[in-house]
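Please look over the sequence and the model below before reading on.

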Amino acid sequence: MSLKNKFDNIRPLFEKDGKLHCLWSLFDGVESFLFVPNTTSTSGASIHDSIDSKRIMSIVVIALLPALFFGMYNVGYQNYSAAGAIANASFLEVFGYGFLAVLPKILVSYIVGLGIEFCWAQWKHEEIQEGYLVTGIIIPMIIPVTTPLWMLVLAIAFSVIFVKEIFGGTGMNIFNVAIATRMFLFFSYPSAMTGDHVWIARDTIFGLGNSLPDTFTMATPLAHIAQGTDAGVSVCNMLTGLMPGSIGETSVIAIAIGAVILLWTGIASWKTMLSVFLGGIVMALAFSAAGQTSIPWYEHIILGGFCFGAVFMATDPVTSARTETGKWIYGFIIGAMAIIVRVKNPGYPEGMMLAIFFGNMIAPLIDYCVVEANISKRAKRGKIAE
């Protein structure tokens with residue numbers, strides 16, 4: 001008997017008047033994840049093509065995998081390099097250590113986030129949405145590897161409840177949930193999210209890796225720049241990602257592979273993505289010309305979380321601008337603001353998180369102004385025609 005037939009046989013238990021009706025949202029969520037739904041909208045038809053939100057989320061997860069896998073390798077690479085043992089370590093040892101270091105964060109992210117969504121959907125008697133499928137994997141990728149799991153639990157619970165569910169769930173949230181999680185961690189526990197002690201895993205895991213002294217430190221390139229010193233890494237390492245940083249944000253090459261997937265499948269807006277880079281480049285060139293930054297403009301683009309934010313977070317269709325003109329404005333503001341924060345606030349050398357959060361905040365206003373401008377132009381053309 002096929003798996004689908006088994007689900008069909010137990011479905012009556014979860015439907016109205018069934019013994020397990022209280023778990024209907026859980027059953028429906030698991031079934032819709034495993035199989036393509038055979039139901040259609042009864043009113044207000046909104047389907048424009050053959051892909052549903054679950055398939056969209058799945059493609060985004062696939063696009064994230066290169067950056068995630070490289071991030072795992074880089075976690076191991078940084079540990080073995082800090083211990084001076086990288087020359088004698090095999091690829092499997094390095095990757096295996098990083099995998100074991102990152103896996104608990106991924107599990108916690110999904111268990112806590114999906115657990116809250118399941119409970120919320122059951123309480124509200126609603127379907128479970130697929131939105132957290134992507135959020136759950138992004139959150140571990142934008143934090144340091146040393147982030148304590150209990151902090152991650154608190155941050156995810158806060159973000160899912162107060163940033164997503166309170167606003168109505170997937171598709172209704174104003175702010176990106178992953179960004180809100182990162183901001184909660186940053187402002188609530190700054191010492192665990194910044195500084196020289198948070199970027200390198202220090203303990204052995206199941207016999208893999210090396211134990212590093214508690215006094216060992218390693219700052220990110222942007223932190224070095226903010227302190228007025230050399231970045232400490234080559235452009236080659238900036239592109240490949242072999243440097244300290246958040247788990248999934250260091251490799252430009254891996255992120256570029258994800259960008260190609262998103263653009264080729266039409267999931268992400270190329271206008272938003274391109275405008276973020278344009279905004280960052282223009283502002284970096286301006287600061288370079290004014291002598292207010294010590295690094296070339298292109299290093300601002302390939303360092304930190306700029307590329308990751310531009311590709312995977314600024315393009316979030318729910319929290320970004322939706323009008324075509326608005327996408328250009330929205331992306332440009334994010335890119336420019338990220339560089340402004342980096343250069344003008346040495347105490348906060350990253351900038352991309354605040355830039356995207358601010359962009360989410362003003363995205364509805366941008367769309368409103370674009371729509372009103374179009375209405376005004378059409379009204380004027382109508383008067384001229386009369």
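## The model and its chain

This is a predicted model, in which local features need pLDDT of at least 70 and side-chain atom pairs count only at pLDDT 80 or more, while totals for chains, interfaces and linings use all residues. Residues are numbered from 1 along each chain as its sequence is written, and side-chain values use heavy atoms, with hydrogens and water left out.

The protein chain has 16 helices and 0 strands. Helices (H or I, at least four residues) and strands (E, at least two) are DSSP runs, numbered from the N terminus. Of the 386 residues, 48% count as buried. Buried means under 20% relative accessible area, exposed means over 50%, and partly exposed lies in between (1.4 Å probe, protein chains only). The accessible surface of the chain comes to about 18,800 Å², and 66% of that belongs to carbon and sulfur atoms. Such areas come from the Shrake-Rupley method with a 1.4 Å probe; for residues, only the protein chains shown count as cover.

Contact means heavy atoms within 4.5 Å. Among contacts between residues at least 6 apart in sequence, 69% join residues at least 24 apart.

## An enclosed helix

## Salt bridges

A salt bridge is a side-chain nitrogen of Lys or Arg within 4 Å of a carboxyl oxygen of Asp or Glu. By this rule the count is 4. In one of them, the side chains of Lys 164 and Glu 117 meet at 2.3 Å, N to O. Lys 164 lies in helix α6 (residues 149-164) and Glu 117 in helix α4 (residues 91-124), so this pair ties together parts that are 47 residues apart in sequence. Both Lys 164 and Glu 117 are buried.

Lys 271 and Glu 324 form a salt bridge at 2.8 Å, N to O. This pair links distant parts of the chain, with Lys 271 in helix α12 and Glu 324 in helix α15, 53 residues apart. Lys 271 is buried at 18% relative accessible area, whereas Glu 324 is partly exposed at 41%. Together with Lys 327, these two residues are linked in a network of salt bridges. Glu 350 and Arg 342 also meet in a salt bridge, at 3.3 Å, N to O, and both are buried.

## A nonpolar surface patch

Patches are made of residues with over 30% relative accessible area and no salt bridge; like charges are joined within 9 Å, and nonpolar side chains (Val, Leu, Ile, Met, Phe, Trp, Tyr) within 5 Å. One nonpolar patch has about 690 Å², and its residues include Leu 263, Trp 270, Trp 328 and Phe 332. Its largest share, 4 residues, comes from α12. Phe 332 is found in helix α15 and is partly exposed at 35%.

## Two buried loop residues

Ser 251 sits in the loop between α10 (235-240) and α11 (252-264) and is buried at 3%. A polar atom of the Ser 251 side chain lies 3.1 Å from the backbone nitrogen of Ala 254.

Thr 315 is in the loop between α14 (306-313) and α15, and is buried at 9%. A polar atom of the Thr 315 side chain lies 2.6 Å from the backbone oxygen of Val 311.

Notes. Polar contact = N/O pair within 3.5 Å; in protein donor to acceptor, adjacent residues only side chain to side chain.
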